[in-house]
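Here are my notes on this one, jotted down as I went through it. Have the viewer open while you read.

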Amino acid sequence: MPASPCVVPDSIPHPYSIHEVECRVKTHDRVNGEYRRLVLSAPRSVLDCEPGQFFHLLCPQTEGFQPYLRRPMSIYSYDRIRGELSFLYKVAGTGTGALASLQPGEHLNIVGPLGRGFEIRREWRRPLLVARGVGLATLAPLASECARLGRPLTAICSARSPDLVMSTDLFRSFGAEVITVADAEGNSDVGSLTPLIEGLIRTRGIDAFFTCGSTRLMRMLQVIGSRHGIGGQVAVEQHMACGIGMCQACVRPFLRDGGAVNLRVCREGPVFDLHEVL
Amino acid sequence: MADLRTTIGGLTLKNPIMPASGTFSEELTEVFDLDCLGALVTKTITRGKRSGNPVPRVCEVNGAMLNSIGIPSKGVSWFLQNTLPLYRDYEAPLVISISANTADEFARFAEEVSVPGVAAIEVNISCPNIEDDGKAFAMRPGATGDVIRRMRSATHLPLWAKLSPNTGEVVEVAQAAEEAGADALITANTMLAMAIDSRTGRARLGNIMGGLSGPALKPITLRMTYQCARAVSIPVIGCGGISTVDDVIEYLVAGARAIQVGTATFISPSTMPRLIRELDEVLDARGLRSVDALIGTVDVTDEAVVVAECVR
């Protein structure tokens with residue numbers, strides 16, 4: 001009896017939406033003291049992405065780091081024409097420590113695209129992006145999508161110090177008005193940001209919030225949103241194992257149908273309604 | 001093309017590769033055609049709803065994973081109405097993994113899931129995460145026999161008992177399951193383990209302890225497979241740390257009639273189709289015409305004796 005041909009070749013159209021592929025590293029550069037940008041040459045099959053989705057990366061084994069599980073990482077950019085996929089990350093542990101060793105020309109095994117991305121609803125005309133640290137990476141493709149849809153965009157980018165605020169030029173290239181705040185400048189706390197954002201609601205007519213990278217900022221936006229009847233979305237993080245919905249490791253509680261339910265960040269998320277995150 | 005078929009009791013599987021419970025769900029249909037598998041094995045369900053354990057539910061240690069997922073379950077009615085129909089159109093036999101708190105509950109539950117579309121019941125008497133300190137039924141021959149015996153009189157479906165590597169009475173538990181009417185054994189579930197963050201002193205799992213799986217577990221579950229295959233006459237299904245075709249062959253040679261792939265699917269979701277393809281290639285390369293030609297062929301003779309004599 002013949003063994004079943006299980007893996008359908010890439011050239012044949014097929015219904016499989018999740019792909020495991022080896023990608024060549026095109027470039028891998030330091031963006032500033034803490035962050036790196038990894039650009040992969042990626043096949044067309046994995047580039048039907050949505051802003052807010054992520055890939056599951058099989059980080060290499062190095063002398064100093066031997067990660068076993070894959071690491072989820074949100075998409076920083078994807079370009080179907082150039083066949084490129086990029087990630088912006090901070091070296092924070094075993095997985096990213098190993099990832100940092102990758103050299104141009106080497107290969108990285110990735111699985112994706114995964115999860116549910118951002119949805120820019122028709123009624124959301126004047127979005128405000130609020131990003132902290134590496135949360136900027138997750139919001140970058142959303143900024144690009146806002147530009148494509150002709151939504152005037154305002155972005156608040158927050159970091160520990162001004163030199164760690166990234167991608168402001170990228171956001172400006174999408175036509176965004178960018179406001180940078182930093183802990184070192186004393187203007188990044190909830191007490192400073194709340195009046196700033198409420199001012200933007202008055203002057204710019206902000207009608208939707210998108211955020212990533214800080215629980216504190218998410219809570220702040222929930223409070224401001226409730227006060228002004230403004231909705232939005234948040235991309236959240238959680239420890240994962242499988243990344244595609246099988247293992248139930250990455251659950252968090254969310255408010256659905258009047259009660260708290262555990263949902264999988266990898267599957268029902270990583271983007272959730274701002275007001276349903278508990 | 002070798003004959004990859006294998007039989008587990010009355011069931012014929014088209015190949016010996018199937019998922020391990022807890023590492024498989026319908027989402028895998030988005031990665032490959034599930035019908036290439038020898039069987040489909042659901043995540044363990046309980047009769048009532050369970051929310052599972054606190055997070056973090058997983059962490060990694062060298063070459064292995066610890067999990068304390070805690071069997072979140074939407075309950076039996078949800079399963080029968082929503083999950084079961086998803087698998088109706090697959091020809092691969094569907095194995096339902098179930099867990100319960102008492103032997104009686106196991107029996108009643110077995111009866112409830114004995115419906116068309118279910119080919120066998122995997123009896124999860126070995127989850128280390130749902131009872132205090134991992135005191136699962138499969139720790140003791142008496143408790144194991146009790147559960148299987150009551151289930152045997154409640155269902156006509158094949159019963160596959162999933163054993164635990166945490167017991168010191170591996171052979172006794174295996175024989176108790178066989179005597180009580182189990183149709184197959186699975187060796188084995190995860191091993192009770194723990195990880196602590198040395199910097200913070202905190203346990204790395206929300207549930208403090210959890211089950212070890214992945215390549216680091218393989219030598220232990222391979223040994224159990226060998227022990228059980230020698231001690232019982234019902235089929236043994238190997239499970240634990242399988243990620244390469246060599247792992248598959250080792251389990252078959254140790255006496256397994258089929259194998260389950262678990263954590264490796266998390267590392268590479270297309271592991272199972274790859275293993276099926278590679279197993280076929282290896283059998284061809286060795287001039288073997290069937291999987292049967294490998295099963296239980298472990299060579300434990302001369303060399304071991306010679307070494308022992310040298311030591312003496």
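1. Start with G214(B). Skipping neighbours up to four places off in sequence, its contacts are Y68(A), G63(B), A64(B), M65(B), G241(B) and T263(B). Do bear in mind that this is a predicted model. G214(B) sits in the loop that runs between β12 (209–213) and α5 (218–231) of chain B. Is that spot buried or exposed? Buried: G214(B) has 26 C-beta neighbours inside 10 Å, and the cut-off for calling a residue buried is 20 or more.

2. T263(B) is the one to look at next. You'll find T263(B) in the loop between β14 (258–261) and α7 of chain B. T263(B) counts as buried because 30 other C-beta atoms lie within 10 Å. Apart from residues up to four places away in sequence, T263(B) touches T23(B), M65(B), S213(B) and G214(B). M65(B) turns up in the contacts of G214(B) too.

3. Both residues carry a label from the database. An unreviewed UniProt entry has a "binding site" annotation that covers S21(B), K43(B), T44(B), N124(B), K162(B), G214(B), G240(B), G241(B), G262(B) and T263(B). The contact between G214(B) and G241(B) therefore joins two of the annotated positions, given that contact here means C-beta atoms within 7 Å.

4. There is another "binding site" annotation to keep in view. From an unreviewed UniProt entry, it covers K43(B), N67(B), S68(B), I69(B), G70(B), I71(B), N124(B), N189(B) and T190(B).

5. S68(B) is placed in the loop between β6 and α1 (76–83) of chain B, and S68(B) is buried, with 28 other C-beta atoms within 10 Å. Setting aside residues up to four places away in sequence, S68(B) touches N53(B), R57(B), N129(B), L205(B), G206(B), N207(B), M209(B) and G210(B). T190(B) is in the loop between β10 (184–187) and β11 (191–194) of chain B. T190(B) is buried as well, having 31 other C-beta atoms within 10 Å. With the sequence neighbours up to four places away left out, T190(B) touches P128(B), G211(B), L212(B) and S213(B).

6. On to the chain–chain interface. Here 41 residues of chain B are in contact with 30 residues of chain A. On the chain B side, β5 (58–61), β6 (64–67), α7 (264–267) and α8 (271–285) each supply at least two residues. Which element gives the most? That is α8(B), with 4 residues. By class, this side of chain B has 19 nonpolar, 11 polar and 11 charged residues.

7. Then the packing. The largest nonpolar core has 181 residues, and V123(B), A161(B), L185(B) and I237(B) have the most contacts inside it. Its largest share, 7 residues, comes from helix α2 (residues 135–148) of chain A. Domain 1 (19–114) and domain 2 (127–235) of chain A both give residues to this core, so the core lies between them. As for I237(B), its contacts beyond four places in sequence include W160(B), L185(B), I186(B) and I259(B).

8. A word on the two domains of chain A. Their centres are 25 Å apart, taken over C-alpha atoms. The contact takes 15 residues from domain 1 and 11 residues from domain 2. On the domain 1 side, β5 (77–79) and β6 (84–90) of chain A give two or more residues, and β6(A) gives the most, with 3 residues. That side has 8 nonpolar, 5 polar and 2 charged residues. UniProt (unreviewed entry) lists residues 18–120 of chain A as "domain: FAD-binding FR-type". This stretch is 6% helix and 45% strand, and its end C-alpha atoms are 23 Å apart.

9. Last, the confidence in chain A. Its mean pLDDT is 92, and 95% of its residues reach 70 or more. P15(A), in the segment before β1 (19–30) of chain A, is exposed, with 8 C-beta neighbours inside 10 Å. P15(A) and R227(A) are 44 Å apart, C-alpha to C-alpha.

Notes:
Residues numbered from 1 in each chain as written. Chains lettered and ligands numbered in written order. Predicted model: local features only at pLDDT ≥ 70, side-chain atom pairs only at ≥ 80, totals over all residues. Nonpolar A, V, L, I, M, F, W, Y, C, P; charged D, E, K, R; others polar. UniProt positions renumbered as here; feature names shortened; annotations may be inferred. Buried ≥ 20, exposed ≤ 12 C-beta atoms within 10 Å, placed from the backbone. pLDDT = per-residue confidence, 0-100. Core = buried A, V, L, I, M, F, W, Y, C linked by C-beta atoms within 7 Å. Domains from an automatic or database assignment.
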